[in-house]
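This report covers charge pairs and the surroundings of the ligand. The structure is shown first.

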Amino acid sequence: MIEDSYKHRGLRNQLVKKMRLKGIKDERVLDAIGKVPRHVFFNTALLSHAYEDKAFPIGEGQTISQPFTVAFQSEKLEIKPGDKVLEIGTGSGYQASVLLELGAKVFTIEYNRKLYDHTKDFLPTLGYKPIFIYGDGSKGYPARAPYDKIIVTAGAPVIPVALTDQLKEGGILIIPVGDRTKQMMIKIKKEKGKLIREEFDYFAFVPLLGDDGWK
Ligand code: SAM
């Protein structure tokens, strides 16, 4: 039985206030952060840290992203209800849950078998039901392309061409690109077949592995 108490809701409201102070403006994104019970993604030892604005280990050397990073990427994606979204790097499923709260239809792909198995079983128990895919997402997921939006939640060495190819006209890709320790957040919008690029701050993600990621 997963408990979501008055105290947890209070901690989430504080987290939402923090996101606002850090510059997140989209009320729908703030609402979604306020709804997803982040503490249920944590093991007991780390439970008291669940509403800190930090990334935390989820096993297998991987992390649940920092709430600000999740809010930032979600805001830049400009999600509209019904958008078909591909997430690369399912991890804990927290980011996927936020996208589902925004009304997206979510395809999420994970390369680590243990995390894939765990999250595929766990997330639906919270009522969050994305389509789970096991495999290397560095080449996207052509079988269900094209997508309105693509979000990469691991640090890539370059922008894989396969990902921009799998975007619809008017579609948006958000991806951290850099070295293994820090990456610049990049937004690509496909407009009349052209790729319009916007650059933001640096973030620190675990590496995107696979054919078009780090070997
Ligand atoms: N979105 C996640 C969440 O909300 O918890 C956080 C993701 S974690 C920072 C990065 C994830 O990307 C890890 O679970 C890792 O196994 C996964 N990953 C790394 N390379 C991948 C690839 N080529 N395809 C799919 N997943 C990959």
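## Lys54 and its partner

Lys54 has a relative accessible area of 46% and is partly exposed (buried means under 20% relative accessible area, exposed over 50%, partly exposed in between, with a 1.4 Å probe and protein chains only). The side chain of Lys54 meets that of Glu52 in a salt bridge, at 3.4 Å from N to O (a side-chain nitrogen of Lys or Arg within 4 Å of a carboxyl oxygen of Asp or Glu). Glu52, at 25% relative accessibility, is likewise partly exposed.

## Basis of the model

The model is predicted; local features need pLDDT of at least 70, side-chain atom pairs count only at pLDDT 80 or more, and totals for chains, interfaces and linings use all residues. Residues are numbered from 1 along each chain as its sequence is written, and side-chain values use heavy atoms, with hydrogens and water left out.

## Other salt bridges

The structure holds 13 salt bridges. One of them joins the side chains of Asp53 and Lys22, with 2.4 Å between N and O. Asp53 lies in the loop between α2 (27–35) and β1 (56–59), and Lys22 in the loop between α1 (6–21) and α2, so this pair ties together parts 31 residues apart in sequence (helices, H or I of at least four residues, and strands, E of at least two, are DSSP runs numbered from the N terminus). Asp53 is buried at 11% relative accessibility, whereas Lys22 is partly exposed at 42%.

A further salt bridge links Lys114 and Glu60, whose closest N and O atoms are 3.8 Å apart. Lys114 belongs to helix α5 (residues 113–122) and Glu60 to the loop between β1 and β2 (62–64), so the pair ties together parts 54 residues apart in sequence. Lys114 is exposed, with a relative accessible area of 58%; Glu60 is partly exposed at 40%.

## Ligand surroundings

There are 27 residues around the ligand, and Ser92, Glu110, Asp136, Gly137 and Leu209 come nearest (a residue is near a molecule or strand if one of its heavy atoms lies within 4 Å of it). β2, α4 (94–101) and β4 (105–110) each supply at least two residues of this shell; β2 gives the most, with three residues.

A ligand nitrogen is 2.7 Å from a polar backbone atom of Leu209. Taken alone the ligand exposes 600 Å², of which the protein buries 99% (accessible areas come from the Shrake-Rupley method with a 1.4 Å probe; for residues, only the protein chains shown count as cover).

How values were computed: A polar contact is a pair of N or O atoms within 3.5 Å; within protein, one must be able to donate a hydrogen and the other to accept it, and residues adjacent in sequence count only if both atoms are side-chain atoms.
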